[in-house]
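Please look through the model shown here before reading on. The points that follow take up the fold, the helices and a few single residues in turn.

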Amino acid sequence: MPKKKTERTLEMWAADLLMEAHAIAPCHEHGYMRLRHSHHAVDYAMSLAEHRKFSGKNKKERKAAVERVLDGLGDECPACT
């Protein structure tokens with residue numbers, strides 16, 4: 001049986017940057033990502049997005065992906081509420 005190819009999306013890459021910068025964190029009980037409300041961490045994640053390459057995407061597209069991930073998250077776990 002052939003292996004299923006897993007392609008890393010730009011949003012997954014952006015979420016990884018946000019986690020590395022400590023701008024988001026998983027709920028310890030359910031695993032949903034939540035905002036940590038650290039402006040310094042978000043600024044750091046944006047800086048990482050500016051300087052780290054991703055599959056032919058330009059700086060503007062990489063920063064926009066970080067914004068999309070942030071816009072899709074809240075400060076509470078949806079399963080906890």
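1. Overall make-up. The protein has three helices and two strands; helices (H or I, at least four residues) and strands (E, at least two) are DSSP runs, numbered from the N terminus. Their order from the N terminus is α-β-β-α-α. The model is predicted, so local features need pLDDT of at least 70 and side-chain atom pairs count only at pLDDT 80 or more, while totals for chains, interfaces and linings use all residues. Residues are numbered from 1 along each chain as its sequence is written, and side-chain values use heavy atoms, with hydrogens and water left out.

2. Size and surface. Taken along the principal axes, the C-alpha atoms of the protein fill a box of roughly 40 × 35 × 15 Å. The accessible surface is about 6000 Å², and carbon and sulfur atoms account for 52% of that surface; such areas come from the Shrake-Rupley method with a 1.4 Å probe, and for residues only the protein chains shown count as cover. Of the 81 residues, 28% are buried. Here buried means under 20% relative accessible area, exposed means over 50%, and partly exposed lies in between (1.4 Å probe, protein chains only).

3. Helix α1. Which residues of α1 are buried? They are L10, W13, A14, A15, L17 and L18. These buried residues pack against β1, α2 and α3. Just after α1 comes H22, with a positive phi of about 65°. H22 is placed in the loop between α1 and β1, and its positive phi occurs in a residue other than glycine.

4. Helix α2. This helix covers residues 39-51, and its 13 residues should span 18 Å at 1.5 Å a residue; the end C-alpha atoms are 19 Å apart, which agrees. The expected span is 1.5 Å times one less than the number of residues. A41, A45, M46, L48 and A49 are the buried residues of α2. Seen down the axis of α2, they fall within an arc of 160°, so they line one face of the helix; the arc is that of the directions from the helix axis to the C-beta atoms. An α-helix has 3.6 residues a turn, so residues three or four places apart point the same way. On the other side of α2, the exposed residues are H39, H40, D43 and H51. The buried residues of α2 pack against α1 (10-20) and α3 (59-71).

5. Helix α3. From its first C-alpha to its last, α3 reaches 18 Å with 13 residues, close to the 18 Å expected at 1.5 Å a residue. R62, A65, V66, V69 and L70 are buried in α3. Viewed down the axis of α3, these buried residues fall within an arc of 135°, so they line one face of the helix. K60 and D71 are exposed on the other side of α3. The cover over the buried residues of α3 includes α1, β1, β2 and α2.

6. E61. Where is E61 placed? E61 is in helix α3, and it counts as partly exposed at 35% relative accessibility. Not counting residues up to four places away in sequence, E61 touches L10 and G56. The C-alpha atoms of E61 and E50 are separated by 9.4 Å, with the two residues eleven apart along the chain.

7. S55. This residue lies in the loop between α2 and α3. Is S55 buried or exposed? At 65% relative accessibility, S55 counts as exposed. S55 has a positive phi of about 35° although it is not a glycine. S55 and R8 are 47 residues apart in sequence, with 9.6 Å between them in space, C-alpha to C-alpha.

8. H30. The loop between β1 (24-26) and β2 (33-35) holds H30. H30 is partly exposed, with a relative accessible area of 36%. Leaving aside neighbours within four places in sequence, H30 is in contact with C77, A79 and C80. H30 and T81 are 51 residues apart in sequence and 11 Å apart in space, C-alpha to C-alpha.

Key:
Contact means heavy atoms within 4.5 Å.
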